[in-house]
Amino acid sequence: MQQKFENHINRNFPFLIGKKLLLATSGGLDSMVMVDLFHKLSFDISIAHCNFQLRGMESFGDQNFVQNYAEANVIKLFFTQFDTEAFANDYKLSTQVAARELRYSWFYELLETENYDYILTAHHADDNLETVLINLVRGTGLDGLTGIPPQNDKVIRPLLAFSRAEIEKYANENALQWREDSSNASDKYLRNKIRHHLVPVFKDLNSDFLSSFQKTQKYLQESKAMADDASFLVYQEVAKEKGTEVHFDLNQLLKLPNYKSYLYHWFNGFGFSAWDDIYDLIDSQSGKQVFSSEFRLLKNREYLILSPLNSEDENEEFFINKNQKQVNIPLNLSFCNIDDISRESNTTIFVDEDKLWYPLVLRKWQDGDTFQPFGMDGKTKKLSKFFKDEKLSLIEKEKTWLLCSDNQIVWIVGKRQDERFKIKNTTKNILKIQLK
């Protein structure tokens with residue numbers, strides 16, 4: 001296996017040569033074989049071990065085993081201990097998800113602080129098969145059927161091409177020692193149920209089932225790559241990126257015979273799960289929304305608009321004192337006194353400073369807000385009506401800031417000045433306010 005492994009690295013992961021590698025090592029069979037292989041090939045490796053404290057003294061036995069191995073083989077070791085159950089309870093996660101969150105957070109921290117190039121984990125072909133079956137049991141699309149990727153950002157999985165049987169044979173032939181995880185014998189977890197009861201049935205039906213599965217997975221991965229390419233080409237025709245938003249043209253989208261597949265492909269990575277609600281947006285009225293934990297999808301006339309959720313407090317106010325020349329939060333505004341006005345624009349207004357009451361306030365709009373649009377002397381207008389006339393989307397409304405004086409709107413920033421504060425022939429002090 002050593003020669004096969006070396007060929008595999010040279011062919012598929014040549015960029016690892018000469019790099020600083022951090023090997024995630026539990027002390028189990030798979031990770032100990034991975035460490036042994038890289039050590040014999042003289043790679044620049046260090047070991048990272050997590051003690052999740054889930055199996056009492058057995059967990060500390062794993063830690064001691066890895067520490068002794070690292071010391072005996074002169075390999076640099078990093079180890080840490082987690083109160084995994086407390087973390088899982090605090091964040092309402094399953095134990096397995098909590099452990100994953102903790103270890104990968106720590107691994108990436110080590111990459112940054114210790115200047116390592118990659119994290120290596122010991123996932124192998126049988127792990128990959130079990131993962132696909134887990135996804136299939138829970139319901140999945142093409143992504144779930146393609147299994148564990150050999151590389152995900154800085155995480156490399158060099159043993160995916162090898163079966164558990166190959167790994168165990170190598171360990172026995174080289175007299176390697178490892179620790180057995182007692183929890184692997186329990187059917188408490190879905191993965192173990194699949195490993196103990198489902199996979200043996202497939203292997204009984206086809207003694208070369210793992211090889212057949214790998215071929216099938218290769219075809220699925222090729223199909224996924226083709227779907228990714230098609231999705232990218234269609235995205236360029238349908239979507240326009242505007243700052244932090246992406247606008248999808250429904251007229252273009254509906255020309256596609258399988259537009260729902262494209263919607264799933266585009267939005268799956270943003271945490272959405274209510275797919276029927278997303279598909280229903282196509283025919284819903286303007287203003288309908290669907291949310292994920294961090295993003296929103298909004299139907300706005302002939303568009304779907306994807307945007308991050310606004311993290312700002314809608315009731316937050318920012319005060320501007322007299323003689324203050326510059327504001328940087330939440331907007332970049334400048335204030336200066338001038339003698340003559342230049343041409344006004346959406347980004348610049350000129351006001352009679354003597355009509356202002358300080359401190360000025362920057363805030364978001366609220367239901368019931370009214371103002372006197374510039375050029376309409378004596379006539380008030382609701383902001384909601386102004387937004388409707390301007391055909392602003394819900395997202396654009398939420399991003400709108402108001403500059404106010406004594407609860408009166410001076411400026412719908414970047415959009416319209418209020419008539420009450422305009423300069424006249426009798427104005428003595430002209431204040432120029434500019435949005436930069």
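User: Which backbone oxygen lies 3.0 Å from a polar atom of the side chain of Gln217?
Analyst: That of Thr146. Keep in mind that this is a predicted model.

User: Where is Gln217 found?
Analyst: In helix H10, which covers residues 209-238.

User: Is Gln217 buried or exposed?
Analyst: Buried. Its relative accessibility is 6%, and the cut-off for buried is under 20%.

User: Which residues is Gln217 in contact with, leaving aside neighbours within four places in sequence?
Analyst: Asn128, Val132, Leu145, Thr146 and Gly147. Thr146 is also the residue whose backbone oxygen sits 3.0 Å from a polar side-chain atom of Gln217. Asn128 and Val132 belong to H6, and they take part in its meeting with H10.

User: OK, on to that helix pair. At what angle do H6 and H10 pack?
Analyst: About 65°, with the axes 11 Å apart. H6 spans residues 125-138.

User: Why are they called roughly perpendicular?
Analyst: Because angles of 65 to 115 degrees count as roughly perpendicular, H6 and H10 get that label. The crossing of H6 past H10 is left-handed.

User: Which residues meet there?
Analyst: From H6, Ala125, Asp126, Asn128, Leu129 and Val132. From H10, Phe209, Leu210, Phe213, Gln214 and Gln217. By class, the contact of H6 with H10 has six nonpolar, three polar and one charged.

User: New pair. How do H2 and H8 cross?
Analyst: At roughly 65°, with their axes coming within 10 Å. H2 is residues 29-40 and H8 is residues 164-173. H2 passes H8 in a left-handed crossing.

User: Which residues make the contact?
Analyst: H2 brings Leu29, Asp30, Val33, Asp36, Leu37 and Lys40. H8 brings Ile167, Glu168, Tyr170 and Ala171.

User: How many of those in the contact of H2 with H8 are charged?
Analyst: Four. The other counts are six nonpolar and no polar.

User: Last topic, Ser307. Which strand is it in?
Analyst: Ser307 is in E11, residues 303-308.

User: Why does Ser307 count as buried?
Analyst: Because its relative accessibility is 2%, and buried means under 20%.

User: What does Ser307 touch, not counting residues up to four places away in sequence?
Analyst: Thr244, Glu245, Phe295, Arg296 and Ile395.

Note on methods
Residues are numbered from 1 along each chain as its sequence is written. This is a predicted model: local features need pLDDT of at least 70, side-chain atom pairs count only at pLDDT 80 or more; totals for chains, interfaces and linings use all residues. Side-chain values use heavy atoms; hydrogens and water are left out. Helices (H or I, at least four residues) and strands (E, at least two) are DSSP runs, numbered from the N terminus. Buried means under 20% relative accessible area, exposed over 50%, partly exposed in between (1.4 Å probe, protein chains only). Contact means heavy atoms within 4.5 Å. A polar contact is a pair of N or O atoms within 3.5 Å; within protein, one must be able to donate a hydrogen and the other to accept it, and residues adjacent in sequence count only if both atoms are side-chain atoms. Axes are lines fitted to C-alpha atoms, for helices over the stretch in contact, and angles run from 0 to 180 degrees between N-to-C directions. Angles under 35 degrees count as roughly parallel, over 145 as roughly antiparallel, 65 to 115 as roughly perpendicular and the rest as oblique. A crossing is left-handed if the near helix is turned anticlockwise from the far one by less than a right angle, and right-handed if clockwise. Ala, Val, Leu, Ile, Met, Phe, Trp, Tyr, Cys and Pro count as nonpolar, Asp, Glu, Lys and Arg as charged, and the others, Gly among them, as polar.
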